[in-house]
Amino acid sequence: MSEFFRNLIEDIKDEDTSIIADGEGSSEYSGTIDTGSYMLNAALSGSIYGGVPNNKVTAFAGESATGKTFFVLGVIQKYLKNNPDAGVVYYDTEAAVTKDMMEQRGIDTTRVILAEPETIQGFRTHALRMIDAYTKNPEDRRPPMMFVLDSLGLLSTTKEMEDTADGKETRDMTKAQVIKATFRVLTLKLAKAQIPMLVTNHVYDVVGSYIPMKEIGGGSGLKYAASTIVMLGKKKDREGTELVGNIIKAKMVEVKLSFEHGLDRYYGLLDLAERYGLVKKVSTRIEMPDGTKVFAKAVYKDPEKYFTNEFLNKLDEAAKNAYMYGINEDEESIPDSDAAREDESSDTADT
């Protein structure tokens, strides 16, 4: 019977139609991009070695100063580092980034294309032209490429620009529809071209709700287009009385964003380890797998000493139980793993 359907596909001669078992669909999972944080990787992909999907749209949404741009810069840095011939198209709608800011985060700015669209329609046209130009090249000659839109909420519409120029103060009621139409066109084309896209956006308080709720700006377009939306909240991180950064709550995990060093790679792993019995809390200290009792702050201050490859691999198994769909953590155990991840041992917390 499968041969019948295969012949049927050949008869209609449509390059966009295939048998799922052949794994040729544009939505087929093809890998992840490291975010720079083990815990954020785990929440997004079920593995501390994973990250954002490398062929889909991922959105980071939150209030101001939750580090949306820093999250994106951390992903870009890892992406370019792990793909020496890759490039990034960065759509900056709020003049948020500079060459110095990127270079301080370890980003190779010679491989970043900057575009500054004023309207959603302008962004859509530019992005479609970039995709078409990219896909004109043979697949084996295309270097990896990523799109970043920072941020969606700051883009106007053509109508809003025209109304402003004419001195009109009426609210533009077409913006949500324009955003939805934009992502309806872009999402499949990006997936077919194997181009991941990161989008930042603001959130606002829902008026009249009995329960305090946050909603993403711009209507439902981004919500339906993004494969993952990371909702960000924050609380202050202090050393004594000095404010040194923010603790960012992303979905169900907390990650640490330092004003000086950016996203902390290891923060949050001890909570995961304690939850799955890999470490034990003894009074105010943590008992590590080798029996050493140490304060959590000391662990995070010298993470490579305590988070060995063996320990990280066990945490990876725990992440699968905690964040992968369809796994019953009451039935799954955390197996011992001697497999080393040599490439992870040299990573630092700076992103």
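Colleague: What makes lysine 320 and aspartate 316 a salt bridge?
Modeller: The model is a predicted one. In it, the closest N and O atoms of lysine 320 and aspartate 316 are 2.8 Å apart. The cut-off is a Lys or Arg side-chain nitrogen within 4 Å of a carboxyl oxygen of Asp or Glu, so the pair qualifies.

Colleague: Where do lysine 320 and aspartate 316 lie?
Modeller: Both are in helix H12 (residues 309-323), 4 residues apart, which is about one turn of the helix.

Colleague: Why is aspartate 316 called buried?
Modeller: Its relative accessibility is 3%. Buried means under 20%, so aspartate 316 falls in that class. Lysine 320 is at 29% and therefore counts as partly exposed, the class between 20% and 50%.

Colleague: How many salt bridges does the structure hold?
Modeller: It holds 9. One of them joins the side chains of lysine 189 and aspartate 132, at 3.5 Å from N to O.

Colleague: How do you know that the pair links distant parts of the chain?
Modeller: Lysine 189 is in helix H7 (residues 175-192) and aspartate 132 is in helix H5 (residues 120-135), 57 residues apart. Lysine 189 has 30% relative accessibility, so this residue counts as partly exposed. Aspartate 132 is also partly exposed, with a relative accessible area of 36%.

Colleague: What makes the contact of lysine 293 and glutamate 287 a salt bridge?
Modeller: The N to O distance between their side chains is 3.8 Å. The limit is 4 Å, so lysine 293 and glutamate 287 count as a salt bridge. Lysine 293 is partly exposed, with a relative accessible area of 43%.

Colleague: What does S4 pair with in the parallel sense over 6 bridges?
Modeller: That partner is strand S6 (residues 145-150). S4 also pairs in the parallel sense with strand S5 (residues 112-115), over 4 bridges. Valine 88 stands opposite methionine 146 in S6 and opposite valine 112 in S5.

Colleague: Which residues touch the most other members of the largest nonpolar core?
Modeller: Ile76, Phe307 and Leu315, in a core of 58 residues. Leaving out residues up to four places away in sequence, isoleucine 76 touches Val88, Tyr90, Ile107, Met146 and Val148. A second, separate core has 27 residues, including Leu128, Val178, Phe183 and Leu190.

Colleague: Why is leucine 8 called partly exposed?
Modeller: Leucine 8 has 42% relative accessibility, so the value lies between the 20% and 50% limits. This residue is in helix H1 (residues 2-12). Together with Phe4 and Phe5, Leu8 forms a nonpolar surface patch of about 300 Å² accessible area.

How values were computed: Residues numbered from 1 in each chain as written. Predicted model: local features only at pLDDT ≥ 70, side-chain atom pairs only at ≥ 80, totals over all residues. Heavy atoms only, no water. Patch = residues over 30% accessible without salt bridge, like charges linked within 9 Å, V, L, I, M, F, W, Y side chains within 5 Å. Areas by Shrake-Rupley, 256 points an atom, 1.4 Å probe, with all protein chains shown as cover. Helix = DSSP H or I, 4+ residues; strand = E, 2+ residues; numbered from the N terminus. Buried < 20%, exposed > 50% of the residue type's maximum accessible area, 1.4 Å probe, protein only. Core = buried A, V, L, I, M, F, W, Y, C linked by side-chain atoms within 4.5 Å. Contact = heavy atoms within 4.5 Å. Pairing = 2+ DSSP bridges.
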